[in-house]
Amino acid sequence: MLSGKFRSALVIGGQGIRARKLRTFLSMVSLFLGVLAIVAVQAGSEIAERAMLTDVELQSGKDGTITGYVPGEKGAPGIVESTLKGRTDAVAMIGSRAIIGEPGVRPINEGGMPFEYAGRGGDYSGPMVYCDANGTCTEQKKEERKPDGQAIEVNMVALTGDIRPFKPFRPVSGSWLDFGTAPSLAPRIVLNEEAAKGLKQYRVPGEMMIDGATHHVSPQIIGVVQDGSMQPRVYMRLDELRTWMPAAASTTEVDRFRGGGTQLELYLQPGTDDLQQLLKAKLVGAGLSKDQMHFQAVNSKERMESELKIMRLIFLGMAFLVLLIGVAGILNVGLATVGERVEEFALRRAVGMSRMLLAGIVLAETLLTGLLTAALAIGAGAAGLQVALMMFGSRFPSLQGTAFPWEAGVAGVIAGLVAGVLGGLIPAIRAARIPIATVMRA
Amino acid sequence: MTQSFEQPTVQVQAPLLQLNGITKVLKGQGEPRTILSGVDFTVHPGQSVAILGRSGSGKSTLLSLIGLFDRADEGKYFLHGNDITKLPERRAAALRSAEFGFVFQRFFLLKHLTAAQNVAMALVNGQGWSARRKRKQQVMEALEQVGIAHLAKSKPTRLSGGEQQRVAIARALVRQPRIILADEPTGALDTETGNLVVEVLLNTTRQGCGLVLVTHDHDHASKMGRVMELRDGRFN
């Protein structure tokens, strides 16, 4: 049950607001921009953080995921493949190089670089020297320069299972790989946007040469995804690749020297420590050193929060200054109103109202005004976000499906309450100090 | 078995309020000025007292002290026999609500409220809470008591001076106070309306309410049970 004092404060506060609609409106106008600034900064930083996090998740994996990096040597790809077979709580990505297009030609983007930089890399014509672990160096025979042709080089990624629970790739067109069906002889591939761009830009023949494969492959392109990578990539099922590359190729010392060879990336759900231990044991048993394996949990949010914190504080500081201007406005209107209502306040005290309750009523009026303003500012912020998403959402895919963050709503309500208290405190104290005898005699 | 016998009782009416040796000094920027000096004053239930005096004689100051708007510098104040001279502000507010009804020369009605809402103002003051229906009933009874129940929904700007003062009296009566303090209630009214207002105030004393009327008008003062004159801060 509400106390008599609280009910009285609400009734009289409501009467005061209704009686002075214009003044209340003017107070709200001055406060609106301040609260809206707080809401906008809070919403902006939350949305920016989420958008950045979504982009980071595409590349590094969702927060909490355990990622592992294992060199593709000493039969490691085969061990990983057999260990993870049929599991949904862990997926391995086995990366290799592939060329799509004419065979025996130099790809347009040699080295798998983004097409924007294709042909700008120059040509190093000096000798290539390789030194092994013992310090013995030998000059490598330089490969003959192939003729330019209609082919593109891509990073080919073979998957043991669906990677999307770990890396939320965004579909652009077509469909994603279906791991529930029988493997196809013509491997189904999904391109990333950069690879799709290359295929669209350079009309290359539909033939694919994969490093280590026994034959050329005629793939079926089934979809395009956004994977956050700048480099052209194609994704395929590992079991479909196996038709053409029976044993996973191991990385040789020379491959590693050239920055190529098979790479293994593992994505494990949290709580799969047993699997992690099993994999490590098997790999160590195969001859890999523990130092060559790196497992770590993805913790992008915490890292980004610390990066965004300073930026957020700067913008919140600026928004707080705007809010202070609003508070000055509400304070100004409040003081003028108290001056105007001297007789009313003296009369209320004469009929038995305490100083404290009178101050509470003035404060209740500014608090109600602050809350009302906050509600309007939050509504305006949410509506503004919807309009902005409708207008610019297609340009920024990471913003698609963005909802108004609740944190911005909470910040708006707090800003409204703080402004109400700051703007109403001095008028409330003045109202409580009005001398009844002097006013009623005048 | 015991038998009880009724004892004869002697009815002694205790004073509603009693002021002993009240002194009030105004301390402003200049020299301190004594407004009231050693004033003694008593009101009994159902008694009406008129206080006459020239401007600046201390009439309104005395009313402020009785109504607990202000505090005396010296002297004692008893209400129903209890010493309330040094009452804290919160309790003074509660007493103002429970014991006193105030009527002023300027009616002090809030323009944005109706007559009924102005009367209800004395009920919505943080001293307890009654349901809307009960409040409405109390307000209508108070308005009927002063003969303007039909004007309950009118705003003050639509009322005559006499009607406005009767709304103010209804506001003073709505909590059924023990003492009505009226500070020149007829000052802004014509003679006929003023007489009507004094009649309304006098009616309240018939129900046991004490009335203290500060006035310049000797005709109105003569209708009271007791007339006292203040001169230079003392009763003659």
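Start in chain A by selecting residues 355-392, helix H10, and residues 406-432, helix H11: their axes come within 7 Å and cross at roughly 150°. The axes here are lines fitted to C-alpha atoms, for helices over the stretch in contact, with angles running from 0 to 180 degrees between N-to-C directions. Helices (H or I, at least four residues) and strands (E, at least two) are DSSP runs, numbered from the N terminus.

Now colour that contact by residue class: H10(A) and H11(A) meet through 21 nonpolar, eleven polar and two charged residues. Ala, Val, Leu, Ile, Met, Phe, Trp, Tyr, Cys and Pro count as nonpolar, Asp, Glu, Lys and Arg as charged, and the others, Gly among them, as polar.

A quick word on what you're looking at: this is a predicted model, where local features need pLDDT of at least 70, side-chain atom pairs count only at pLDDT 80 or more, and totals for chains, interfaces and linings use all residues. Residues are numbered from 1 along each chain as its sequence is written, while chains are lettered from A and ligands numbered from 1 in the order in which they are written.

Next, highlight residues 25-44, 313-335, 356-389 and 409-432 of chain A, which an unreviewed UniProt entry lists as "transmembrane region". UniProt positions follow the numbering used here, feature names are shortened, and annotations may be inferred rather than shown by experiment. Zoom in on 313-335 of chain A: that stretch is 100% helix and 0% strand, with its end C-alpha atoms 32 Å apart. Over 409-432 of chain A you again get 100% helix and 0% strand, and here the end C-alpha atoms are 33 Å apart.

Then click A:Pro435, in the loop between H11 and helix H12 (436-441) of chain A. Is A:Pro435 buried or partly exposed? It counts as partly exposed, because it has 14 C-beta neighbours inside 10 Å. The cut-offs: 20 or more other C-beta atoms within 10 Å of a residue's own means buried, 12 or fewer means exposed, and in between is partly exposed, with C-beta atoms placed from the backbone.

Time for a strand. Select residues 188-192 of chain A, strand S7, where five of five residues are buried. Show the side chains: A:Arg188, A:Val190 and A:Asn192 point one way, and A:Ile189 and A:Leu191 the other. In a regular strand the side chains alternate between the two faces of the sheet.

Who are the neighbours? S7(A) pairs in parallel with strand S9 (residues 220-226) of chain A over five bridges, and A:Arg188 has A:Gln220 as its bridge partner there. S7(A) also pairs with strand S10 (residues 233-237) of chain A, antiparallel this time, over three bridges; look for A:Val190 opposite A:Tyr235. Strands pair if DSSP finds at least two bridges between them.

Last stop, chain B: find the open sheet of four strands in the order S2-S1-S4-S5, with antiparallel pairing. Strand S2 (33-43) and strand S5 (82-83) of chain B are at the edges, each with a single partner strand, so one side of each has no neighbour in the sheet. To finish, pick B:Phe78, which stands opposite B:Asp83 in S5(B).
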